[in-house]
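Subject: Structure handover

Hello,

Here is the structure I promised. Please open it first, then read my notes below.

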Amino acid sequence: MLEIKNLHVEVEGTEILKGVNLNIKAGEVHAIMGPNGSGKSTLAQVISGRDVYDVTNGEISYLGKDLLDMEPDERAREGVFMAFQYPVEIPGVTNSYFLKTGLNEIRKHHGLETLDAADFLKFIKEKAKLLDIEPDMLNRSVNEGFSGGEKKRNEILQMAVLEPKLAIMDETDSGLDIDALRIVADGVNRLRNEDRAIIIVTHYQRLLNYIVPDYIHILLNGKIVKSGDKQLAFELEEKGYDQIKADYSSIKTKLEETV
Amino acid sequence: MALAIKENNQLYITSFEEFEKNINGEAKNWLKDLRRQALTRFDELGFPTTRHEEWKYTNISPIAKENFIHGTESDAGLVQKDAVKKFDYDGLDAHTLVFVDGHFNADLSLIGDLPEGVKVKSLAEAFQTDTDLLEQHLARYAPFQDDSFTALSTAFMNDGAYIYLPENAVIEKPIHLLFLASDRNEPFITYPRNLIIAGKHSKATIIETYAGTSDNRYFTNCVTEVFCDENAYIEHFKVQEESSNAYHISTTQVNQLANSNFVSNALDFGGLIVRNNPGAILNGEGVESTLNGLYLGTGRQLIDNHTTIDHAKPHCNSHELYKGVLDGSARGVFNGKIFVRLDAQKTDAKQTNQALLLSNTATIDTKPQLEIFADDVKCTHGATIGQLDQDAMFYLQTRGIERDMARDILTYAFASDIIDRITIKELRDYCHHRVLVKLQQDRLEGIDKE
Ligand SMILES: Nc1ncnc2c1ncn2[C@@H]1O[C@H](COP(=O)(O)OP(=O)(O)OP(=O)(O)O)[C@@H](O)[C@H]1O
Ligand SMILES: [Mg+2]
């Protein structure tokens, strides 16, 4: 579904991603872990189409299409979704209008009827209830004055409404209490099926107890230095990134020596 | 460049003589004198150029140089009945006075029943019936000494609305003053002049609408004076919908006595060159004064708001929030003067001005101007000028919303902040809709209903 090849990304002349390769098939859940500043959000934002990042090399294909050639809204209509690490506040736009407009744009794109206000309200209320979101939050401005946890849950609500094919969750677990974490994980697991792929960016093994990934990748300084199954998260928890870094640099030195 | 343009003064003087001959036969001496003084003052001032501090960013030379026709009669034949309907805010139940080219038109108006003692009529009529009150209030609040346009208005004042609320009078329905400009070929000038006298503990809502009925060129030079006696509460709306080639220069000057409350919302959608001078003197303790405004400029529009809040007495609060959206090559000007006089301790004055520039060729000049002579006061002011929030744009796009639509949603949200404060539902709906039309998009269907 998603193939990332040798992706190099710069921001204002500084290289942040230094040759990322990633292959994700429908039905899979991949976790990406890595220390602060290693480029996880950059990767997520580039997949979503944020234009402040310059892709200097490499390619991303999504369902056989050149993803980098598409506008962010086109990507969204084709099923790409990112839950933001820092959801944006939009004063003056109600959450429900925001959700309805997005959903209807996507439905139009797929030749489906748009939902009117009444139908949408019914639909959204059910979704909100599943995520334990107060109906009142739907009438408030998007993310404005939401608590950290409410913002994260609101991202998952959007995901539940838009039903993406490829969902990227950028640290959706950080700032969530243990109950909210379970609710969010249930929300994600409900979406999990053989047609969908999910990328989870996280710092904590905790979330991966609830959403068990098929693969875990470790992103270090702009490169994926290690991939493995869910065991890798435990290893990481035990050793920390320093050990991984040390392992990686010794491998790297050896590789360079052999070259 | 000179400080003033005087090349057209003779036109105004000749027109004035003509005007005086026609209407001054029965005029009282004080009125005759007042008009003459004002004309003399205009003759001295001429029209300001951009070298004049108050007109630095607003070049009105197209107005100064135009040979406007004076003395247009009220000719309802020149406006269609549906013109009234277009601006009746979806049949809003109101006491409505319609003016055509500055003159009251009884056929198009519907004043309806009013509480005992309340007077809502044309100023032309009031010159016959309410001379004492007029002498007491007219031209007392909007000074013409330093203002060419107010001087002209005072010289040529003849018609407009006259509203008198006696003590304790409460008017439930809004009073709507609708000034329509007819579809004449020649450029013409009108001088709507309004006087609102709100007695102690009186309460009313007043809407002024200025609207064009075609895309012709004309000049509305209007002045509204408001006197709020103690504890009066006046809610005021001014909707400016002049034609796309029209000039609109307005002064709204309010004099507030103790514990009165004046709330104004100015909404500028139309016009080519627009200058508004809303001002309030907080002339008693415990006064509340609010001046809010929204202006939307596109194409080559120039919209200039020069507000003045004058804290003359202690313990008063003033609030100002102006928001502008400028697209195309439109230009905006905001100048917010706040005076806090020596006597005005415990003043709380707040001013915010925000402008959103949607294109690279749109511009805004903005300047707060605080002159504070008292020491125990709270004055805050803030101005922000910006483009659309790119993080918000991206966020909307990642939810499937295309760029143009995202842009409109954010612009609409920015403007809604002012519109949502409009207490009259019909007017609020009108403005929401108007913003959408002005953004020239029909994509935002439903945003105003949620
Ligand atoms: N818009 C930007 N402008 C400048 N630098 C940026 C920008 N975005 C990211 N960076 C830099 O790129 C590096 C990677 O940032 P990124 O946000 O991708 O890290 P991350 O792995 O998501 O970190 P965290 O775990 O803290 O969320 C950081 O050094 C960051 O400062
Ligand atoms: Mg991050």
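Start with His248(B). Setting aside neighbours within four places in sequence, His248(B) is in contact (heavy atoms within 4.5 Å) with Tyr210(B), Phe219(B), Thr220(B), Cys222(B), Lys238(B), Gln240(B), Glu242(B), Ile273(B), Val274(B), Arg275(B) and Asn276(B). His248(B) sits in strand E13 (residues 247–256) of chain B. Helices (H or I, at least four residues) and strands (E, at least two) are DSSP runs, numbered from the N terminus. His248(B) is buried, at 0% relative accessible area. Buried means under 20% relative accessible area, exposed over 50%, and partly exposed in between (1.4 Å probe, protein chains only).

A word on the source. This is a predicted model: local features need pLDDT of at least 70, side-chain atom pairs count only at pLDDT 80 or more, and totals for chains, interfaces and linings use all residues. Residues are numbered from 1 along each chain as its sequence is written, chains are lettered from A and ligands numbered from 1 in the order in which they are written, and side-chain values use heavy atoms, with hydrogens and water left out.

Next, the cavities. The structure holds three of 30 Å³ or more. A cavity is a set of points, on a 1 Å grid over the protein atoms alone, where a 1.4 Å probe fits but cannot get out; lining residues have an atom within 4 Å of a point. Grid points are joined across faces, edges and corners, and a volume is the space filled by probe spheres set on the points. The largest cavity has about 110 Å³ of space. Its lining counts 15 residues; Lys238(B), Thr252(B), Ser264(B), Ala266(B) and Pro278(B) lie nearest its centre. Strands E12 (233–241), E13, E14 (261–268) and E15 (273–282) of chain B each give two or more residues to that lining. E14(B) gives the most, with four.

Ser41(A) is in helix H1 (residues 40–48) of chain A and Gln85(A) in the loop between strands E6 (80–83) and E7 (90–94) of chain A, so the pair ties together parts 44 residues apart in sequence. Ser41(A) is partly exposed, at 22% relative accessibility. Gln85(A) is buried, at 15%.

Best wishes

Definitions and conventions: 1 Å grid on protein atoms, 1.4 Å probe; cavity = no way out; pocket = protein on both sides within 12 Å on 5 of 7 lines; lining within 4 Å.
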